[in-house]
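Please walk through this model with me, one region at a time. The sequence and the structure come first, and the explanation follows.

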Amino acid sequence: KNYIKGEDTPENRKAFIYETYSKFIKIINNAIKKYDPNHLNLGLRFGGNPPDELIEASADIGFDVFSLNVYSYRISDEILKKIDNLTDLPIIIGEFHFGTPGKGLAPGLCQTINQKERGVAYSYYVENAAAHPSVVGTHWFQWLDQPSTGRYDGENYNIGFIDVTDLPYQELVNEVIKTHEKIFGIHTGNVQPTDKQAISK
């Protein structure tokens with residue numbers, strides 16, 4: 001009501017959107033907390049680099065974790081620092097992956113030159129994310145390759161840990177094992193993350 005009374009400016013429209021967002025999500029989160037108090041609220045999964053106003057509006061509306069998808073070869077330290085400063089919440093990466101063309105499949109949103117380099121890219125991404133004290137998880141999309149004929153929207157990415165016949169991409173799996181053997185040491189600052197980057201082209 002107050003926004004309707006005021007002057008119609010881009011600033012007022014933006015303020016209205018963020019206040020509406022905060023009130024709406026608080027209602028939902030309060031209901032979740034009331035009826036399901038023993039589960040973490042992982043929030044909404046934002047994309048890549050959400051605006052400061054959206055991050056700030058998400059700080060105290062009932063999320064236990066700040067979630068975002070980052071399809072890149074590394075998560076920007078600046079983005080992590082910004083989320084940390086504006087929310088003081090743990091951070092979860094909801095989606096990332098690395099693919100390569102082959103088997104009639106497209107390479108996905110982040111490409112490497114071959115299967116071995118997918119493992120190198122995984123280690124670089126996950127280890128450098130884990131080195132940030134607020135990052136509590138990174139989640140790969142997805143377990144198996146998409147069908148060569150495409151899913152509902154046409155995506156047919158070579159992004160799985162396994163192919164459509166349930167055979168693992170061993171080069172990727174080997175690097176994942178190495179990374180997870182030292183992940184706690186990286187997160188506590190006792191082990192340095194890898195600086196080896198994948199060949200993408």
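**A walk through the predicted model**

Glu175 counts as buried, at 17% relative accessibility, where buried means under 20% relative accessible area, exposed over 50% and partly exposed in between (1.4 Å probe, protein chains only). Lys178 counts as partly exposed at 47% relative accessibility. The side chains of Glu175 and Lys178 meet in a salt bridge, 3.3 Å from N to O; a salt bridge is a side-chain nitrogen of Lys or Arg within 4 Å of a carboxyl oxygen of Asp or Glu. Both belong to helix α6, and because they are three residues apart there, about one helical turn separates them. An α-helix has 3.6 residues a turn, so residues three or four places apart point the same way.

This is a predicted model, in which local features need pLDDT of at least 70 and side-chain atom pairs count only at pLDDT 80 or more, while totals for chains, interfaces and linings use all residues. Residues are numbered from 1 along each chain as its sequence is written, and side-chain values use heavy atoms, with hydrogens and water left out.

The chain has seven helices and four strands, in the order α-α-β-α-β-α-β-α-β-α-α from the N terminus on. Helices (H or I, at least four residues) and strands (E, at least two) are DSSP runs, numbered from the N terminus. The C-alpha atoms fill a box of roughly 60 × 45 × 35 Å along the principal axes. Of the 201 residues, 43% count as buried.

A search of the whole structure finds 12 salt bridges. One of them joins Lys23 to Glu19, with the closest N and O atoms 3.1 Å apart. These two residues lie four apart in helix α2 (residues 10-35), about one turn of the helix. Lys23 is exposed at 52% relative accessibility, and Glu19 is partly exposed with a relative accessible area of 33%. Asp8 and Arg13 also pair through their side chains, at 2.7 Å from N to O, and both are exposed. Elsewhere, Arg151, Asp153 and Glu155 are linked in a network of salt bridges.

Helix α5 has 16 residues and spans 23 Å from its first C-alpha to its last, close to the 22 Å expected at 1.5 Å a residue; the expected span is 1.5 Å times one less than the number of residues. Of these 16 residues, 15 are buried, so α5 is largely enclosed by the rest of the structure. At its start, a side-chain oxygen of Asn114 comes to within 3.2 Å of the backbone nitrogen of Lys116.

A pocket here is an open set of points on a 1 Å grid over the protein atoms alone, where a 1.4 Å probe fits, with protein on both sides within 12 Å along at least five of seven lines; lining residues have an atom within 4 Å of a point. The volume of the largest pocket is about 200 Å³. Strand β4 gives the most to the lining, with four residues. Among the lining residues are Tyr122, Val136, His180 and Phe184.

The loop between β4 and α6 (170-181) holds Thr149, which is exposed with a relative accessible area of 76%. Thr149 and Leu105 are 44 residues apart in sequence, and their C-alpha atoms are 8.7 Å apart in space.

Definitions and conventions. Points joined across faces, edges and corners; volume = space filled by probe spheres on them. Polar contact = N/O pair within 3.5 Å; in protein donor to acceptor, adjacent residues only side chain to side chain.
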